[in-house]
Amino acid sequence: MAQAARDRATRIAVIGGSGLYQLDHSAPAGTFPIQTPYAAEAVELSLEQTAAGAAWFLPRHGRDHSVAPHRINYRANLWALHQAGVDIVIAVNAVGGIADSMIPGALVLPEQLIDYTWGREHTFATGAHALDKHVDFTWPYDRDLARTFDAAAAMLDLPVHRGAVYGCTQGPRLETAAEIRRMQRDGCDIVGMTGMPEAGLARELGMRYACIALVVNRAAGLGGGAITHDDVAKHLREGMGRVRALLMAALPQLIGGSD
């Protein structure tokens with residue numbers, strides 16, 4: 001990355017999920033490739049200018065949504081952000097609603113997660129083992145960041161749900177009704193496919209990590225019928241405007257306090 005880009009680079013990054021492929025439609029983005037040890041191709045980060053200042057942006061699935069959840073190179077993505085100087089990561093995730101209150105359109109700031117994924121490259125600790133490789137993960141989401149978004153939501157008079165448990169499944173297929181019943185028994189409130197290993201990798205790199213989840217469907221067996229792409233797309237279109245509003249309301253405090 002050029003020195004000029006380093007000088008402008010912020011320590012805040014937003015990882016966009018389904019439906020969020022650019023941080024701010026009104027601001028053109030400069031794109032910077034960053035090589036990592038975890039992929040032959042570079043990870044392309046966008047440096048976007050917002051009213052609050054610059055923020056890095058990375059579309060998790062690619063700008064054309066061509067990368068399935070289980071094929072995302074989470075290690076390369078998080079390593080690239082770390083190399084760019086990022087120490088605060090805001091993840092945006094589209095999820096299904098399990099708890100009764102998690103209806104389509106709801107915004108959620110999860111507090112806990114349960115990982116049901118398998119076979120993903122989930123750690124940077126692949127060399128010599130040591131006791132300090134066991135990072136504390138008691139609270140997977142940064143609670144101070146969640147409070148910042150909670151305050152921004154209150155300022156916007158935008159309802160958000162706190163204290164939820166995010167259950168992360170393998171995908172790319174959606175879950176069965178029996179799997180959702182199991183997740184209910186486990187205490188999950190929402191279900192998605194991209195929350196892990198992203199959150200764990202961020203913790204290994206010492207980056208503060210928070211999630212803004214948008215509920216786009218009732219989970220399998222809870223909505224009275226099949227989950228359709230048209231319904232999901234409708235709630236993505238309607239909900240991502242509120243997600244952007246919440247991000248833009250919180251970024252001034254995050255960017256201003258990141259130095």
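Q: Why is Cys211 called buried?
A: Its relative accessibility is 4%. Buried means under 20% relative accessible area, exposed means over 50%, and partly exposed lies in between, for a 1.4 Å probe and protein chains only. Cys211 therefore counts as buried. This is a predicted model, in which local features need pLDDT of at least 70, side-chain atom pairs count only at pLDDT 80 or more, and totals for chains, interfaces and linings use all residues. Residues are numbered from 1 along each chain as its sequence is written, and side-chain values use heavy atoms, without hydrogens and water.

Q: What makes Cys188 buried?
A: Cys188 has 3% relative accessibility. That value also falls under the cut-off for buried, so Cys188 is placed in that class.

Q: Why is Trp139 called partly exposed?
A: Trp139 has a relative accessible area of 34%. Trp139 sits in the loop between strand E7 (112-115) and helix H3 (143-156). Helices (H or I, at least four residues) and strands (E, at least two) are DSSP runs, numbered from the N terminus. From Trp139 to Gly62 it is 77 residues in sequence and 28 Å in space, C-alpha to C-alpha.

Q: What puts Ala52 in the partly exposed class?
A: Its relative accessibility of 26% does, so Ala52 counts as partly exposed. Ala52 belongs to the loop between E3 and E4. Ala52 and Pro159 are separated by 107 residues in sequence and by 23 Å in space, C-alpha to C-alpha.

Q: How do you know that E2 and E3 pair?
A: Two strands pair if DSSP finds at least two bridges between them. Strand E2 (residues 29-36) and strand E3 (residues 39-50) share 7 bridges, in the antiparallel sense. Pro33 stands opposite Glu44 in E3. With 2 residues between them, E2 and E3 form a hairpin.

Q: What makes up the largest nonpolar core?
A: A nonpolar core is a set of buried Ala, Val, Leu, Ile, Met, Phe, Trp, Tyr and Cys residues joined through side-chain atoms within 4.5 Å. The largest has 43 residues, and Leu45, Trp56, Leu81, Tyr166 and Ile190 have the most contacts inside it. Helix H2 (residues 74-83) gives the most to this core, 5 residues. Another core, of 32 residues, lies apart from it and includes Ile88, Val160, Leu246 and Leu254.

Q: What lines the largest pocket?
A: The lining has 31 residues, with Ser18, Ala94, Leu174, Met193 and Val232 nearest the centre. On a 1 Å grid over the protein atoms alone, a pocket is an open set of points with protein on both sides within 12 Å along at least five of seven lines; a cavity is a set where a 1.4 Å probe fits but cannot get out; lining residues have an atom within 4 Å of a point. The volume is about 600 Å³, counted as the space filled by probe spheres set on points joined across faces, edges and corners. The lining divides into 15 nonpolar, 13 polar and 3 charged residues. Here Ala, Val, Leu, Ile, Met, Phe, Trp, Tyr, Cys and Pro are nonpolar, Asp, Glu, Lys and Arg charged, and the others, Gly among them, polar.

Q: Which element gives the largest share of the lining of the second largest pocket?
A: E3 does, with 6 residues. E3, strand E4 (53-59) and H2 each supply at least two. This pocket holds about 420 Å³. Glu44 is among the residues nearest its centre.

Q: How many cavities of 30 Å³ or more does the search of the whole structure find?
A: The search finds 2. The largest has a volume of about 50 Å³, and its lining includes Glu111, Arg143 and Arg162. That lining has 4 nonpolar, 1 polar and 4 charged residues. The second largest cavity holds about 30 Å³. Its lining includes Ala210 and Cys211, and divides into 6 nonpolar, no polar and 1 charged.
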